[in-house]
Amino acid sequence: MSDGLEGVVAAQTVLSEVDGQAGRLIIRGHSLDELAGRTTFEQLVAVLFEGFYPDLPADLPAALGQARAEVFAEVAALDAGLVGRSPVEAVRALMARLADGDDMTTALRILAAPAVFTAAVVRAQAGEAPVAPDPSLGHAADALRMLRGTAPTQAEADALDTYLVTVSDHGLNASTFAARVVASTRAGLASAVLAGISALKGPLHGGAPGPVIDMLDGIGEPANARAWIEAALARGERLMGFGHRIYRVRDPRADALKQAVRWLDARQGRLEFAEAVEAAALAILRERKPDRPLDTNVEFYTALLLEALQFPPTAFTCVFAMGRVAGWLAHAREQLAGGRLIRPQSVYVGPAPRKAA
Ligand code: SDX
């Protein structure tokens, strides 16, 4: 049995390939650098969904805008109880209100929902009323507008588009595998995406970027980096934003996101500080784990980018779901198209039955 299913091939997919040795990500035949910073989230969705959603609307930006407007009605269910939970739990609860199904309308609403619900939850937690979607805007621009109540700059909308495209799909990661398992039982797209969000929430997976900000704030300035990092490791903690089950070299998404941070030029000082912390972390991890390559993963510069876009760190996982929901929906349909019920075996190591008296 492989611990954590490491090295086990559990599906064939045309959606994405993660080459951990070369540090390369391919999505439907396009390398990441052909997509990140060059395509909108809607254009990426059309590429990802090709062949799996034949009735995908030709004007996807308009259809997604309409879907945002439709799911906004669910925000009324955001009560004091939900506002008191973590943002990802509140967003998950609102997502659970969406009707299940396997049709295009259901898929569009699920695709649109994380952006609408994240903005509403963050504003409610700040004591502010939700901002209704503007269906005429692109998805990234409207996500930022619903968050802040004002239109973002083009550079900000482009930066969020780059993030959503970069994290949209990534092979059979834990949340995508969870989504495929649920899709394989024919439970429906909403159920599959709820499984994905629940897996993504964990700090070993999509819950990592928020704590990167805690690390940067804990370190405070470059001179403190080594002492802070060594103390954290001595406490048995993991450095969030580093290491990966597949990548044995630098995650290619790190530099795609770092580039997007550079577009938001108010961040130079913060970026240089983060680069100094990253260098210290990589040096220390190399010293302590010489036989285990631990490099920067997607989450380190995700944290800087989402901080620059004024998402609170507690909501970073929700923003991850805004992009990854496209991958979950594509994998769910791919699983339904050709896959069987996913049902591996287990080896029983418990006690033998007691002999009947
Ligand atoms: C994502 O799979 C995907 O594709 C995921 C993702 C996606 O797009 O869907 O890429 C998104 O989840 C990125 C990863 C975000 N998580 C973090 O940044 C959390 C910190 N990283 C780690 O916890 C860890 O690297 C994992 C969980 C990401 C991967 O862990 P593995 O493959 O299960 O490796 P492991 O836990 O067995 O660690 C091997 C060794 C251990 O040392 P020993 O106990 O054997 O002495 O390396 C050490 C670990 O302690 N180690 C780390 C470390 N990561 C691994 N030590 C300190 N800091 C770290 N970050």
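**Close-up views of a predicted model**

**Legend 1. Arg 270 and Asp 217 form a salt bridge.** The closest N and O atoms of Arg 270 and Asp 217 are 3.2 Å apart (a salt bridge: a side-chain nitrogen of Lys or Arg within 4 Å of a carboxyl oxygen of Asp or Glu). Helices (H or I, at least four residues) and strands (E, at least two) are DSSP runs, numbered from the N terminus. Arg 270 counts as partly exposed because its relative accessibility is 21%; Asp 217 is likewise partly exposed, at 49% (buried: under 20% relative accessible area; exposed: over 50%; partly exposed: in between; 1.4 Å probe, protein chains only). The model is predicted, so local features need pLDDT of at least 70 and side-chain atom pairs count only at pLDDT 80 or more, whereas totals for chains, interfaces and linings use all residues. Residues are numbered from 1 along each chain as its sequence is written, and side-chain values use heavy atoms, with hydrogens and water left out.

**Legend 2. Glu 70 and Arg 109 form a salt bridge.** The closest N and O atoms of this pair are 2.7 Å apart. Glu 70 sits in helix H3 (residues 60-71) and Arg 109 in helix H6 (residues 104-125); the two residues, 39 residues apart, link distant parts of the chain. Glu 70 is partly exposed, having a relative accessible area of 32%. Arg 109 is partly exposed as well, with a value of 35%.

**Legend 3. Glu 17, Asp 19 and Arg 24 make up a network of salt bridges.** Within it, the side chains of Asp 19 and Arg 24 meet at 3.8 Å, N to O. The relative accessible area of Arg 24 is 38%, which means that this residue is partly exposed. Asp 19 also counts as partly exposed, with 21%. In the model, the count of salt bridges comes to 22.

**Legend 4. Arg 28 and Gln 310 are non-glycine residues with positive phi.** Arg 28 has phi near 45° and is located in the loop between strand S2 (24-27) and strand S3 (30-31). With a relative accessibility of 22%, Arg 28 counts as partly exposed. Gln 310 has phi of about 70° and is placed in the loop between H15 and H16. Gln 310 is partly exposed, its relative accessible area being 49%.

**Legend 5. Five residues form a positive surface patch.** The patch consists of Arg 238, Arg 245, Arg 288, Lys 289 and Arg 292 (patch residues have over 30% relative accessible area and no salt bridge, with like charges joined within 9 Å; Lys and Arg count as positive, their charges being placed at NZ of Lys and CZ of Arg). One of these residues, Lys 289, lies in the loop that connects helix H14 (268-288) and helix H15 (298-308). Lys 289 has a relative accessible area of 43% and is therefore partly exposed.

**Legend 6. Arg 324 is a buried residue of helix H16.** Its relative accessible area is 1%. The C-alpha atoms of Arg 324 and Val 167 are 5.9 Å from each other, although 157 residues separate the two along the chain.

**Legend 7. Val 347 is an exposed residue in the segment after helix H16 (316-338).** Its relative accessibility is 71%. The C-alpha atoms of Val 347 and Ser 168 are separated by 35 Å, and the two residues are 179 residues apart along the chain.

**Legend 8. The chain that provides these views contains 16 helices and three strands.** The chain is as compact as a globular protein of its length, because its radius of gyration of 21 Å is close to the 21 Å that the globule rule gives for 357 residues (radius taken over C-alpha atoms; rule: 2.2 Å times the number of residues to the power 0.38). Along the principal axes, the C-alpha atoms fill a box of roughly 75 × 55 × 45 Å. Of the 357 residues, 50% are buried.

How values were computed. Patch = residues over 30% accessible without salt bridge, like charges linked within 9 Å, V, L, I, M, F, W, Y side chains within 5 Å. Areas by Shrake-Rupley, 256 points an atom, 1.4 Å probe, with all protein chains shown as cover.
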